[in-house]
Amino acid sequence: MLTPNKQYQELKDTYLFNTIYRKTDEYRQSHPDKKIYLMGVGDVSRPLCEAVIQALHQAVEDQATMQNFQGYMPERGAAELREAISAYYRRYHVAISPNEIFISSGACDDLGDILELFAKDNTVLVLEPAYPEYVDTNILAGRKVVHLNSGEENGFLPAPPADITADIIYICSPNNPTGAAFDREKLQAWVDYANAQGAVILFDAAYEVFISDPSVPHSIYEIEGADTCAIEICSLSKMAGFTGTRLGYTVVPEALIRMEMNLNTMWARNRETRTNGVSYILQKGAAAVFTPEGYAQTRQDIQVYQKNARMLMDAFDQAGIWYTGGKNSPYIWIKCPDGMGGWEFFDYLLQKIQVVGIPGEGFGACGKGYFRFSAFGDPADTEAAAGLLCKLLGKAEMAEGASQK
Ligand code: PLP
């Protein structure tokens, strides 16, 4: 009889997000007159920009003509798109050849698939709090996962541990959920650590476009030595509103070699075997993101989200709440006031001001007592929610709230 992958039994259930939906829904049913502010969602709210829409329409037309019809795409992705991404990297003074770029259906897909490059007995180091996929995909594969906790003491930016060795290291910067971002010096320490032990860093750059601080690198390849130890996984989801459209890209340097095996060649072979690629239409739409018009238009949307983040940060500043993120990220990670746990704070906000966020424990044990807000919402709603949060969490109001706990 077939034996299923028993590792599925090792996964934590999706209790956190289901509970958020259930509690919010229950409140909505019992208070139909109240407006609920969904400030936890990590999905974008703005539509695709005009340049992308035009390119998508044009690509659909191409598929209708004998002359321009396109069948299977190259396994690494369309040359035009990979050239455009290579040019995008030059903006940050990083030389990545189109041959090192692989077009994907999004970061989520490649974060899972890329693990096929590594043996099952490798040890994985996950810097937590973290995007849950890093742990789950490795549990499914049966790998040993070591959790590296971070906290307020290091600004949720942990340094490489002297007493731990690992083969695969996950770094997400700017981070989901904390919004904290490694500067060059701190990232250099991780690159040196990985090179010293022959490890590979999986660098998740999904939120790179939100960086505003010049000391924060947009790509790990801005760091010396990264091309011999890092794979970078990127997405157009947050950069250009592609969460529902689906397109990303992964960089595997040609210099990345372990035990005389070239990971770039291996990944090309993997793609040939495992996928027939991303559709021509989507790759055309994605190429428009990297044109001057597409870049300018997507920047306008990012600025809307950045303004939302500013409103939330101002509210927490005024209320005297500790937080990180927001500056280089659409996420703001706050410390729950008065020692509340994440769920206690969730209920408190829902009941008092109908603002919904995400309890930090959903992103690893060290997220307990913290809470994630997202700046991806509608600006008017964000402004209203920020005002309510500021008023409620300001000292006098909190004292009143705390007495009702
Ligand atoms: N990586 C991080 C850190 C994310 O937060 C997300 C989505 O929220 C992803 C990857 C997945 O991105 P994609 O939509 O490209 O699959």
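A crossing of two helices is called left-handed if the near helix is turned anticlockwise from the far one by less than a right angle, and right-handed if clockwise. With that in hand, here are some points to look at.

1. What you are looking at. This is a predicted model, in which local features need pLDDT of at least 70, side-chain atom pairs count only at pLDDT 80 or more, and totals for chains, interfaces and linings use all residues. Residues are numbered from 1 along each chain as its sequence is written, and side-chain values use heavy atoms, with hydrogens and water left out. Helices (H or I, at least four residues) and strands (E, at least two) are DSSP runs, numbered from the N terminus.

2. α11 against α12. Helix α12 (residues 379-393) packs on α11 at an angle of about 110 degrees, with the axes 11 Å apart. Axes are lines fitted to C-alpha atoms, for helices over the stretch in contact, and angles run from 0 to 180 degrees between N-to-C directions. The two helices are therefore roughly perpendicular (under 35 degrees counts as roughly parallel, over 145 as roughly antiparallel, 65 to 115 as roughly perpendicular and the rest as oblique). Their crossing is right-handed. Phe 345, Tyr 348, Leu 349, Lys 352 and Ile 353 of α11 meet Leu 388, Leu 389, Leu 392 and Leu 393 of α12, where contact means heavy atoms within 4.5 Å. By class, this contact has eight nonpolar, no polar and one charged residues. Here Ala, Val, Leu, Ile, Met, Phe, Trp, Tyr, Cys and Pro count as nonpolar, Asp, Glu, Lys and Arg as charged, and the others, Gly among them, as polar.

3. α11 against α1. Helix α1 (residues 15-30) packs on α11 at about 25 degrees, with the axes 11 Å apart. That makes α1 roughly parallel to α11. The contact involves residues including Tyr 15, Leu 16 and Tyr 27 of α1 and Trp 343, Phe 346 and Leu 350 of α11. By class, seven residues here are nonpolar, three polar and two charged.

4. α12 against α10. Helix α10 (residues 292-319) and α12 pack at about 10 degrees, their axes 8 Å apart, and are therefore roughly parallel.

5. Backbone details worth a look. Most residues other than glycine have a negative phi, and most peptide bonds are trans. Phe 156 has a positive phi of about 60 degrees; Phe 156 lies in the loop between β4 (144-149) and β5 and is buried at 4% relative accessible area. Asp 338, in the loop between β12 (331-335) and α11, has a positive phi of about 55 degrees and counts as partly exposed at 44%. The peptide bond from Ser 173 to Pro 174 is cis, with omega near -5 degrees, and another cis bond joins Asn 176 and Pro 177, with omega about 20 degrees.

6. A buried arginine. Arg 271 sits in helix α8 (residues 263-274) and is buried at 6% relative accessible area. Leaving aside neighbours within four places in sequence, Arg 271 contacts Glu 75, Phe 102, Asp 110 and Asp 113.

Notes: Buried means under 20% relative accessible area, exposed over 50%, partly exposed in between (1.4 Å probe, protein chains only).
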